[in-house]
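Please look at the sequence and the structure shown here. The paragraphs after them go from the whole chain to single residues.

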Amino acid sequence: MSQAQVPLSLAAIDMGSNSFRLEMAHLQLGQYRRQDYLKETVRLGAGLDAQSMLTEEAIQRGLDCLRRFALRLDGLPGRQVRAVATQTLREARNRNAFLARAEEVLGYPIEVISGREEARLIYAGVARLQEAEQPRLVIDIGGRSTEMILGRGTVPLRAESFQVGSVSLSMRFFPDGRFTAEAFRAAQVAAGAELEEALTEFARHTAQPRWEQALGSSGTVGAVAQILAANGVTDGSITLDGLRWCIEQCLSAGHVEALKLAGLKEDRRAVVGGGLCILYTLLTHFDIDHLQPAKGALRQGVIFDLAERIDPSLLGTGRDIREQSVAELQRRFAVDRAQAKRVRDLSLRLHTQLAPEANEEHRRELGWAAALHEIGMMVSHHDYHRHSAYLLSHVDAAGFSQSQLRRIGDLALGQRGGLRKLDDQLGDDDLTWQLLALRLAAIKCHARGAVDAGAMKLERDGQQVAIRIRPGWVEAHPRAHYLLREELEAWAKVGRVQLTLTT
């Protein structure tokens, strides 16, 4: 897509701990144009029980909301929609069961993103909708997590996520809706304990100040800013004096239901106590004089990220940030890049023969898995594929969701050895053809030298795949031929694909 063409409608769904949001927009001549915005208070985070399981009631609230979002998205191609889930689904032990139901209702994949990836996307939304060159601190207080980002221009320099939010803190310290001075003090101490580790990295005053402006994005900051402005306490900026005034109003009311404040929306009433405590702690600990509400948030960052994936030229970067992350992981884990390129190139060639209609995202995933399949060798050459899978499933990599990293990790795990370890995953046809292409490429490239890519050709008919080898190649590569025969046996044991070998 180019700017001269009719701009694509892009959609982002932010499945937060307190609210679900749907944003639809397009980029035209570099400008962000909102087309639609829907928000529903779902309180998914309030539905986590003591065992970190989502209750059926909370699940139904989420599904009902996504069903309504699906009606608005009807007909929009999958490549133009991205749904992301945050802290509640990072924590929920039954998230996979919920995601299966949610994806069926929504009609699009849902990605669970890491805290750092959430922070990066938040900054992307703020930095591009509120441009400035001075160093800035951006804060986002969600329902169960708080993100802090230092950045300059459009570049995030440091991004972290902390497991404290307005929903979780309110449930813990104001469970019955009662406001007391003791509860406010205890909540502030708890918030401080979680955020204390950020003091060194995000402190304002050092030999050279790290930031000059503090911005707050999303719900909690916006809600408190509206209260302060509606009551004439400030112009909407958040200050310590303004927060003390808000806390005093809560204490005077005594109970959340008795709290009557201009600007306080009903969907924020139950979580206002926790939000105020986190804000008070942040302003106190990080020497923030004024916290200004920001224009952008996570959902806009997702839109910008999606646009960059579809056409990197739209934002002037010329790249998908995930390619940069893969290169950085290769450097960090001292990957043999020449070997990685051989395996990547051949994997993609074989995958085209196996699944010529595969979507571009699945081809990219295979390429990344091939590029990173040996990162586990930094840990140990023995069972390096298992180390690779663990690292890929747990590493923070800008641009990738936890869901996608786990899928790439599954491919790394399955690159060699038996296939029983991936019994559940092999029910996915797309992953099956990715995996077969990767395994065959790894076998053919195992000597770590120049590869004749045309010596192997695959012909697929349903679940039957014929491996055709050019005459003379077997005699020149007896060890690779031995590994290919073992590969036939490995697939025969799981019965997922029927391989034949013709030499």
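Predicted model: local features only at pLDDT ≥ 70, side-chain atom pairs only at ≥ 80, totals over all residues.

Residues are numbered from 1 along each chain as its sequence is written, and side-chain values use heavy atoms, with hydrogens and water left out.

The chain has 20 helices and 13 strands; these are DSSP runs numbered from the N terminus, with at least four residues (H or I) for a helix and at least two (E) for a strand. A compact globule of 503 residues would have a radius of gyration near 23 Å, and the chain, at 26 Å, agrees with this. That radius is taken over C-alpha atoms, and the globule rule is 2.2 Å times the number of residues to the power 0.38. The C-alpha trace spans about 85 × 50 × 50 Å along its principal axes.

Of the 503 residues, 54% count as buried, meaning under 20% relative accessible area (1.4 Å probe, protein chains only). Among contacts with a separation of 6 or more, 67% are between residues 24 or more positions apart; a contact means heavy atoms within 4.5 Å. The accessible surface of the chain, by the Shrake-Rupley method with a 1.4 Å probe, comes to about 21500 Å², and 48% of it belongs to carbon and sulfur atoms.

Next comes a sheet. Five strands, in the order S3-S2-S1-S4-S5, form an open sheet with mixed pairing; two strands pair if DSSP finds at least two bridges between them. S3 (31-41) and S5 (110-112) each have a single partner strand and stand at the edges, so one side of each lacks a neighbour in the sheet. Within the sheet, S1 (residues 10-15) pairs with S2 in the antiparallel sense over six bridges, and isoleucine 13 stands opposite leucine 22 in S2.

Strand S2 (residues 19-28) also holds histidine 26. Is this histidine 26 buried or exposed? Histidine 26 counts as buried because its relative accessibility is 14%. Its side chain makes a polar contact with the side chain of glutamine 35 at 3.4 Å. Such a contact is a pair of N or O atoms within 3.5 Å; within protein, one must be able to donate a hydrogen and the other to accept it, and residues adjacent in sequence count only if both atoms are side-chain atoms. Leaving aside neighbours within four places in sequence, histidine 26 is in contact with residues including Pro7, Leu8, Tyr32 and Arg33.

Another strand is S6 (residues 135-141), where seven of the seven residues are buried, so the strand is largely enclosed by the rest of the structure. In a regular strand the side chains alternate between the two faces of the sheet. In S6, Pro135, Leu137, Ile139 and Ile141 are buried on one side, and Arg136, Val138 and Asp140 on the other.

S6 pairs with S7 (residues 146-152) in the antiparallel sense over seven bridges, and a hairpin of four residues joins S6 to S7. Isoleucine 141 has threonine 146 as its bridge partner in S7. With S9 (residues 213-217), S6 pairs in the parallel sense over five bridges; there arginine 136 stands opposite glutamine 213.

Threonine 88 counts as buried because its relative accessibility is 2%. Its side chain makes a polar contact with the side chain of serine 17 at 2.6 Å. Beyond neighbours within four places in sequence, threonine 88 is in contact with Ser17, Leu44, Gly45, Leu48, Leu54 and Arg144.

How values were computed:
Buried < 20%, exposed > 50% of the residue type's maximum accessible area, 1.4 Å probe, protein only.
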